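Here is a friendly note to read alongside the structure. Please keep the 3D view open and turn to each place as it comes up.

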Amino acid sequence: MDSTPTAADRGLHPAPRSDVFQNQGKFRTRFNFPGRNVPDHDDHGYGPLSTVVESFMDPGTLIRMHQHRDEEIVSWVPAGVMRHDDREGNELVTDPEHLLVMNAGSGFWHAEETLADDPPLRMLQIFVRPHELGLEPGIQHGPLPDPEPNEWRRVFAPAGADHPFTVRNAVDCYDVRLDADAGATLPEIEGRDAYVYVFEGAVDVDGVALDETESVLWTGDGAPPTVTAGGEGATAVAFLMDPDAPVTRQGTIGR
């Protein structure tokens with residue numbers, strides 16, 4: 001009998017590319033639900049991390065003014081630009097050098113747009129469940145630190161952390177750009193599990209092979225796994241979240 005531990009034995013739960021896809025012509029979205037990585041998990045989200053949405057917008061696309069409530073929405077744009085305006089008078093451009101965090105709280109109205117001469121946009125919109133309903137709405141926008149090759153960059157942190165971008169629950173987000181065959185061990189935070197999403201390229205996560213748009217949830221004990229790129233390099237995003245954090249499930253999208 002083979003006693004070699006399986007990936008699940010080691011707390012690694014991979015998932016293929018999500019088939020939850022909405023095609024609205026010039027605006028297309030693919031919904032990734034981290035809770036679905038674990039068999040028989042009774043929640044599409046995993047703790048405070050509700051949904052990771054891969055969004056595509058063609059040049060000359062307008063998403064008209066609409067409201068979000070009771071969710072924290074982070075727009076991570078590795079290529080192209082996403083133009084935001086809102087009823088607070090903000091006109092903001094999010095691109096590879098900038099991050100947008102919308103703390104929707106009791107209600108926040110915004111619109112998104114790409115201009116006709118903008119490049120095609122592919123980004124992640126990350127939905128975090130806040131720890132309580134009806135929080136003060138607000139927005140955070142500004143420059144990200146320059147990424148270092150083969151090192152995890154902290155993109156956002158929980159409220160109260162010493163970081164310019166925060167969400168109101170126990171989720172930290174990191175990204176990494178790996179050279180060919182290079183690896184980086186996941187950051188370690190006590191009491192946190194990790195969800196890794198491959199944005200570009202292919203990686204190996206401690207023996208689990210993942211292609212672009214695939215993911216793995218790590219719920220194991222001991223040292224965190226290492227993410228190693230294939231021969232073409234890779235870009236990955238990791239979320240470290242407390243699975244036992246108190247959450248709400250009444251967001252407009254990220255329930």
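This is a predicted model: local features need pLDDT of at least 70, side-chain atom pairs count only at pLDDT 80 or more; totals for chains, interfaces and linings use all residues.

Which strand gives the most to the lining of the largest cavity?

1. **The cavity.** Strand 6 is the answer, with 3 residues in the lining. The count of cavities of 30 Å³ or more comes to 1, and about 30 Å³ of space lies in the largest cavity. Its lining is made up of Trp76, Val77, Pro78, Asp95, Pro96, His98, Leu144, Arg153 and Arg177. Sorted by class, these residues divide into 5 nonpolar, 1 polar and 3 charged.

2. **The largest pocket.** The largest pocket has a volume of about 250 Å³. It is lined by 20 residues, and those closest to its centre are Phe27, Glu112, Gln125, Phe127 and Ile253. Several strands each supply at least two residues of this lining, among them strand 3 (27–32), strand 4 (49–57) and strand 5 (61–68). Strand 6 (72–79) and strand 11 (121–128) are also on that list. By class, the lining has 9 nonpolar, 10 polar and 1 charged residues.

3. **The second largest pocket.** Next comes a pocket with a volume of about 190 Å³. Of its 14 lining residues, Ala15, Pro16, Ser18, Phe33 and Arg36 are the closest to the centre. The classes here are 7 nonpolar, 4 polar and 3 charged residues.

4. **Rings that pair.** How many aromatic pairs are there? The count comes to 3. In one of them, Phe31 and Phe33 are stacked, with 6.3 Å from centre to centre and 20° between the planes. Are these two residues buried or exposed? Phe31 counts as buried because its relative accessible area is 14%, under the 20% cut-off. Phe33, at 16% relative accessibility, is buried as well.

5. **Charges over rings.** Two arginines are worth a look here. Arg87 lies over the face of Trp109, at 3.9 Å from the ring centre. The charged end of Arg122 sits over the ring of Phe199, 3.8 Å from the centre of that ring.

6. Asp70 has a positive phi of about 55° although it is not a glycine, and Asp181 has one of about 65°. Asp70 is found in the loop between strand 5 and strand 6. Asp181 lies in the loop between strand 15 (171–178) and strand 16 (183–185).

7. **Annotated stretches.** Two domain names come from an unreviewed UniProt entry. For "domain: Pirin N-terminal", the UniProt record lists residues 60–128. That span is 0% helix and 67% strand, and its end C-alpha atoms lie 28 Å apart. The UniProt annotation "domain: Quercetin 2,3-dioxygenase C-terminal cupin" covers residues 155–222. Over residues 155–222 the chain is 0% helix and 54% strand, with end C-alpha atoms 24 Å apart.

8. **Across the chain.** Ala238 lies in strand 20 (residues 226–241) and counts as buried, at 0% relative accessibility. Ala238 and Glu136 are 102 residues apart in sequence, and their C-alpha atoms are 27 Å apart in space. Where is Pro147? Pro147 has its place in the loop between strand 12 (138–143) and strand 13 (153–158). At 38% relative accessibility, Pro147 is partly exposed. From Pro147 to Asp42 there are 105 residues along the chain, and 36 Å separates their C-alpha atoms.

Methods
Residues are numbered from 1 along each chain as its sequence is written. Side-chain values use heavy atoms; hydrogens and water are left out. UniProt positions are given in the numbering used here, feature names are shortened, and annotations may be inferred rather than shown by experiment. Helices (H or I, at least four residues) and strands (E, at least two) are DSSP runs, numbered from the N terminus. On a 1 Å grid over the protein atoms alone, a cavity is a set of points where a 1.4 Å probe fits but cannot get out, and a pocket is an open set with protein on both sides within 12 Å along at least five of seven lines; lining residues have an atom within 4 Å of a point. Grid points are joined across faces, edges and corners, and a volume is the space filled by probe spheres set on the points. Ala, Val, Leu, Ile, Met, Phe, Trp, Tyr, Cys and Pro count as nonpolar, Asp, Glu, Lys and Arg as charged, and the others, Gly among them, as polar. Rings of Phe, Tyr and Trp (its six-membered ring) pair if their centres lie within 6.5 Å; planes under 30 degrees apart count as stacked, over 60 as edge-to-face and the rest as tilted. Buried means under 20% relative accessible area, exposed over 50%, partly exposed in between (1.4 Å probe, protein chains only). A charge sits over a ring if NZ of Lys or CZ of Arg is within 6 Å of the ring centre and within 35 degrees of the ring normal.
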